[in-house]
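Trainee: Please take a close look at a single part of this model. Pick one spot, then set it in its surroundings.

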Amino acid sequence: MNTTANGSNLWVCSSLINVSALKIGQTIGYSLILGFSLFGNSIIGLTVYKTPKLRKPINYLIANMAISDMLLPFFTIPLRLSAEIHSGGSWPTGGLLGQALCKLAIYFTHVSFGVSSQSLVLIALDRYVAVVFPLRSPFISRKLFPFFILATWVVALAFFAPYMIVAKVDEGTQGTVCYFDWYGTFEGSWPIENHYITVYTAFSFIPAVLLVILYSIILIKLKLQAPPGEELTNATKQRERKNRNVLRMAIAIVLAFFFCTVPITTTNLIMVRQPVDSSIWSSCGFWLFAELAHLIFNANCAINPLICLTFSNNYRQGLKRLLKC
């Protein structure tokens, strides 16, 4: 998530660091993210589709996140790489094509973030009902899960629809720039500071609070489930083991999501509150942090498949079967 989608402002660091070497490092980093994301998320989607054992709400929600994560390697990362490699940091192209690519890159970056955030909350609710109320019907039944998945996309697509208007390309003398023109479009009626606070409250703060509450209750429930000296049936032991394994994977996905999104959230909130003449715009340290935050944010789409393969034997077995085909 960013206010500009193309090259960075690392020119302010030209007298302090080797910007060319840094750009080579960025190019390598984004290339690795692109490859791992395309391969890993494709594997997750195909594994869930082809493995009957995995056709459960939680795995469909993980596959939903994998699909949303694919938006970045399709719409954002290739353009970022093109900007760094071929255009010296400028947006790769202008005209109608440049405008369209700029709008799609900014829009789908945020849509991916919105879908993932909602999916994490639904996964937590599914785990909460499965662990705390094991005898009840699942929170998301097989009949209802398509509705929930569709809802995550409808909400994200609608919420971030204005980004298709505010994303613009400026073909100036310093190069072509894809930028977020909120001030020129909505500033009079809806300040950008209010907009970002709304976005991060709806898709970061509230989900974070819900996730902490739900997973805390789940962990307490699992800890109290087997009082000392009480014998458990094999079926109960098996269910508990399964719940713990799924819980570890779900918590790891949540931690990775917030680890990757908090830096860019912090960067954006700092930027929108700075006046035009603020010294931060010429701060090398700030722009280095901003570039690292963008890289980490994009890395999330490559991390989730690794988490699934690390924590779930079903995903590993599904991958083996796919590779044998």
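**A serine inside the chain**

Mentor: Start with a polar pair: the S112 side chain places a polar atom 2.9 Å from the backbone oxygen of S68. This is a predicted model, so read that distance as computed. S112 belongs to helix 4, which spans residues 95-132. Its relative accessibility is 3%; the cut-off for buried is under 20%, so S112 counts as buried. Now look at what surrounds the side chain. Leaving out residues up to four places away in sequence, S112 touches S68, D69, L71 and L72.

For contrast, turn to helix 8, residues 192-224, where F205 lies. F205 has 56% relative accessibility; exposed means over 50%, so F205 counts as exposed. F205 is part of a nonpolar surface patch.

Now step back to the whole chain. It has 325 residues, and 49% of them count as buried. Eleven helices and two strands make up its elements. Read from the N terminus, the order is α-α-α-α-α-α-β-β-α-α-α-α-α. Take contacts between residues at least 6 apart in sequence: 78% of them join residues at least 24 apart. The chain exposes about 16000 Å², and 68% of that comes from carbon and sulfur atoms.

How values were computed: Residues numbered from 1 in each chain as written. Predicted model: local features only at pLDDT ≥ 70, side-chain atom pairs only at ≥ 80, totals over all residues. Heavy atoms only, no water. Patch = residues over 30% accessible without salt bridge, like charges linked within 9 Å, V, L, I, M, F, W, Y side chains within 5 Å. Areas by Shrake-Rupley, 256 points an atom, 1.4 Å probe, with all protein chains shown as cover. Salt bridge = Lys/Arg side-chain N within 4 Å of Asp/Glu carboxyl O. Helix = DSSP H or I, 4+ residues; strand = E, 2+ residues; numbered from the N terminus. Buried < 20%, exposed > 50% of the residue type's maximum accessible area, 1.4 Å probe, protein only. Contact = heavy atoms within 4.5 Å. Polar contact = N/O pair within 3.5 Å; in protein donor to acceptor, adjacent residues only side chain to side chain.
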